[in-house]
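Please look through the structure shown here.

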Amino acid sequence: MTTASTPAIRVSGLEKSFGELEVLRGVDLEVQRGSIFALLGGNGAGKTTLVRILSTLLRADGGTASVAGHDVATAPDTVREAISLTGQFAAVDEVLTGRENLMLVAQLRRLHSPGVIADDLLARFSLTEAGSRRAGTYSGGMRRRLDIAMSLIGDPPVIFLDEPTTGLDPQARIEVWQTVQALAGAGTTVLLTTQYLDEAEHLADRIAILHRGRILVEGTLAELKKLLPAATVEYVEKQPTLEEIFLALTEEKAA
Ligand SMILES: Nc1ncnc2c1ncn2[C@@H]1O[C@H](COP(=O)(O)OP(=O)(O)OP(=O)(O)O)[C@@H](O)[C@H]1O
Ligand SMILES: [Mg+2]
């Protein structure tokens, strides 16, 4: 059942191992509709594994997960219709132009008027002028924007962005951030993973830190800041940055 109050993503006790390696050891989280949720964690923490389970590419060993009100294990086809996934390695075809890439996806999804859909997305992502150029000539930021645009064809209510700005320069990152904010503003739910703590700090409504197979902490940036005392320097309070919170929490629990 899907009602307005159903979270867009609900994960409960999720477990996944690869052989002896226990990657997810009981992950719980909820993402509200139309919000941006950032999943943080070091290399190998299991972020991509979690995203792959939520996007039905991988089966969990235990626990449950639902996306847009549908169970990923029992209704994967329905979940697939409600989501899109943009991975770190863009699905862009370099030989085709930006417009042709978009039209191809629209055609594969059997949508009417692929040209109109392509032109609309090119305009939304400030790619109209570049639309007739081969995608192989695009900069990293343009390519990433095209990739996100491609993933929006069909208006999925939930999108997964696995490290959407890795390798981009600061200007291109800001362009992707604006894109993501516009999406959430229009009601799309966004779950993104990132290595960049400032990205989570800047973009996310709620932030979760995945560490040693579990969600170590989850909350708004303000809530996470309360976990560390503010340092008082010459009578001026200095709020901890998300990076300081992340390092303090993950180092404490290491050992
Ligand atoms: N198909 C697989 N077979 C075996 N081990 C795997 C497989 N997929 C992932 N792993 C292992 O699971 C762990 C978690 O990997 P995952 O890719 O989910 O981490 P991540 O948090 O996305 O890391 P990164 O920040 O480097 O992208 C890693 O130790 C990885 O080597
Ligand atoms: Mg990953």
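A residue is counted as near a molecule if one of its heavy atoms lies within 4 Å of that molecule. The model discussed here is predicted. There are 13 residues around ligand 1, and G44, K47, T48, T49 and Q195 come nearest. A polar backbone atom of G44 is 2.8 Å from an oxygen atom of ligand 1. For G46, a backbone N or O atom lies 2.9 Å from an oxygen atom of the ligand. T48 takes part through its side chain, where an N or O atom is 2.8 Å from an oxygen atom of ligand 1.

Now turn to the helices. Helix α3 covers residues 98–108 and helix α4 covers residues 114–124; they pack at an angle of about 130°, with their axes 8 Å apart. Because of that angle, α3 is oblique to α4. The crossing of α3 past α4 is right-handed. On the α3 side the contact involves G98, R99, L102, M103, A106 and Q107, which meet P114, G115, I117, A118, D119, L121 and L122 in α4. These contact residues divide into 8 nonpolar, 3 polar and 2 charged.

The other pair is helix α5, residues 140–151, and helix α6, residues 170–185, which pack at about 20° with their axes 9 Å apart. Angles under 35 degrees count as roughly parallel, so α5 is roughly parallel to α6. Here α5 passes α6 in a right-handed crossing. G141, R144, R145 and I148 of α5 make the contact with A172, E175, V176, T179 and L183 of α6. Of the residues in this contact, 4 are nonpolar, 2 polar and 3 charged.

Notes: Residues are numbered from 1 along each chain as its sequence is written. Chains are lettered from A and ligands numbered from 1 in the order in which they are written. This is a predicted model: local features need pLDDT of at least 70, side-chain atom pairs count only at pLDDT 80 or more; totals for chains, interfaces and linings use all residues. Side-chain values use heavy atoms; hydrogens and water are left out. Axes are lines fitted to C-alpha atoms, for helices over the stretch in contact, and angles run from 0 to 180 degrees between N-to-C directions. Helices (H or I, at least four residues) and strands (E, at least two) are DSSP runs, numbered from the N terminus. Angles under 35 degrees count as roughly parallel, over 145 as roughly antiparallel, 65 to 115 as roughly perpendicular and the rest as oblique. A crossing is left-handed if the near helix is turned anticlockwise from the far one by less than a right angle, and right-handed if clockwise. Contact means heavy atoms within 4.5 Å. Ala, Val, Leu, Ile, Met, Phe, Trp, Tyr, Cys and Pro count as nonpolar, Asp, Glu, Lys and Arg as charged, and the others, Gly among them, as polar. A polar contact is a pair of N or O atoms within 3.5 Å; within protein, one must be able to donate a hydrogen and the other to accept it, and residues adjacent in sequence count only if both atoms are side-chain atoms.
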